[in-house]
Amino acid sequence: INVGLGAALVYDNRHNVLNVRKGLFGELSFLKYHPSIGSEYTFHGVNLDVRSYNPTSPRNVLAWQVYGNFYGGNIPFNQLALMGGEMIMRGYYSGRYRDKNMIAAQVEHRWLPFGFSKRFGAAAFAGAAVVAPKISKFSTQYIRPTAGVGLRYLLFPRRDIYVRLDVGFSEDGPNFYLFTGEAF
């Protein structure tokens, strides 16, 4: 049983969280898990998520994200920082690398939609992440890269919501993702 209490500071001026074309999102949160509130484990965590979306033309967006998890204490395996998945570090399955600390960054260029189509678009992305047992143990030699491309289909034109099919490539090979809305 993991029960935690915490607080977060959030800034968000995005207009459509499923397909952001312009804006900034930032979140800094702190969580504390302790037996006094019902947790079987004693640990704490700080999470950071910063995203920026910059239009390069009426249909194109350049987006980037920096994401980090920083934990200390007696952390159960299922609560460790996870690298990989459909949102960040596409190309690695979720939890392929995990530890007490993780920092990741990704950048993505989106064409929504293509100039010659009303419904089809695409994206190209790249990212890098690293995990470590302590912040002081982060090392460039353990950075894992990923990159990929994706196809977009405008599912709900009135809401500007796309379905995405992404393929992310990593040292483990390709991974495929089919989801509604953008990865970040």
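User: Accessible areas come from the Shrake-Rupley method with a 1.4 Å probe, and for residues only the protein chains shown count as cover. What does the accessible surface of the protein chain come to?

Analyst: About 9,800 Å². Carbon and sulfur atoms hold 62% of that surface. Some ground rules next. This is a predicted model, where local features need pLDDT of at least 70, side-chain atom pairs count only at pLDDT 80 or more, and totals for chains, interfaces and linings use all residues. Residues are numbered from 1 along each chain as its sequence is written, and side-chain values use heavy atoms, with hydrogens and water left out.

User: How many helices and strands are in the protein chain?

Analyst: 0 helices and 11 strands. The elements run β-β-β-β-β-β-β-β-β-β-β from the N terminus on. Both kinds are DSSP runs numbered from the N terminus: helices are H or I with at least four residues, strands E with at least two.

User: What is the radius of gyration of the protein chain?

Analyst: It is 18 Å, close to the 16 Å from the globule rule for 184 residues, so the protein chain is as compact as a globular protein of that length. The radius is taken over C-alpha atoms, and the rule is 2.2 Å times the number of residues to the power 0.38. Along the principal axes, the C-alpha trace spans about 60 × 35 × 25 Å.

User: What percentage of the residues is buried?

Analyst: 43% of the 184 residues. Buried means under 20% relative accessible area, exposed over 50%, and partly exposed in between (1.4 Å probe, protein chains only).

User: And contacts: what percentage joins residues at least 24 apart?

Analyst: 53%, among contacts between residues at least 6 apart in sequence. A contact means heavy atoms within 4.5 Å.

User: Charges. How many positive and negative side chains are there?

Analyst: 20 positive and 12 negative. The centres of the two sets lie 5 Å apart. Lys and Arg count as positive, Asp and Glu as negative; His and the chain ends are not counted. Each charge is placed at NZ of Lys, CZ of Arg, CG of Asp or CD of Glu.

User: Switching to rings. How many aromatic pairs?

Analyst: The count is 5 aromatic pairs. One of them joins tyrosine 92 and tyrosine 97, edge-to-face, at 5.9 Å centre to centre with 70° between the planes. Rings of Phe, Tyr and Trp (its six-membered ring) pair if their centres lie within 6.5 Å; planes under 30 degrees apart are stacked, over 60 edge-to-face, and the rest tilted.

User: Is tyrosine 92 buried or exposed?

Analyst: Buried, at 0% relative accessibility. Tyrosine 97 also counts as buried, at 18%.

User: Backbone now. Which residues does a cis peptide bond join?

Analyst: Leucine 112 and proline 113, with omega about -20°. Most residues other than glycine have a negative phi, and most peptide bonds are trans. Proline 113 sits in the loop between β7 and β8. Glycine 115 lies in that loop too, between β7 (101-111) and β8 (120-132). Glycine 115 is exposed, at 59% relative accessible area.

User: What is the phi of methionine 89?

Analyst: Positive, about 65°, although methionine 89 is not a glycine. Methionine 89 is in the loop between β5 (81-83) and β6 (97-99), and it is buried at 1%. Aspartate 160 has a positive phi as well, about 60°. Its loop runs between β9 (144-156) and β10 (161-170). Aspartate 160 is buried, at 18%.

User: Where is alanine 129?

Analyst: In strand β8. Alanine 129 is buried, with 2% relative accessibility. Leaving aside neighbours within four places in sequence, its contacts include Met83, Met89 and Tyr142. Alanine 129 and proline 145 are 16 residues apart along the chain, with C-alpha atoms 6.7 Å apart.

User: And tyrosine 33: which strand?

Analyst: β2, residues 23-33. Tyrosine 33 is buried, at 10%. Not counting residues up to four places away in sequence, it touches Asn2, Tyr41, Phe43 and Gln79, among others. The C-alpha atoms of tyrosine 33 and arginine 119 are separated by 46 Å.

User: Last one. Is proline 58 buried or exposed?

Analyst: Exposed, with a relative accessible area of 81%. Proline 58 is in the loop between β3 (43-55) and β4 (60-73).
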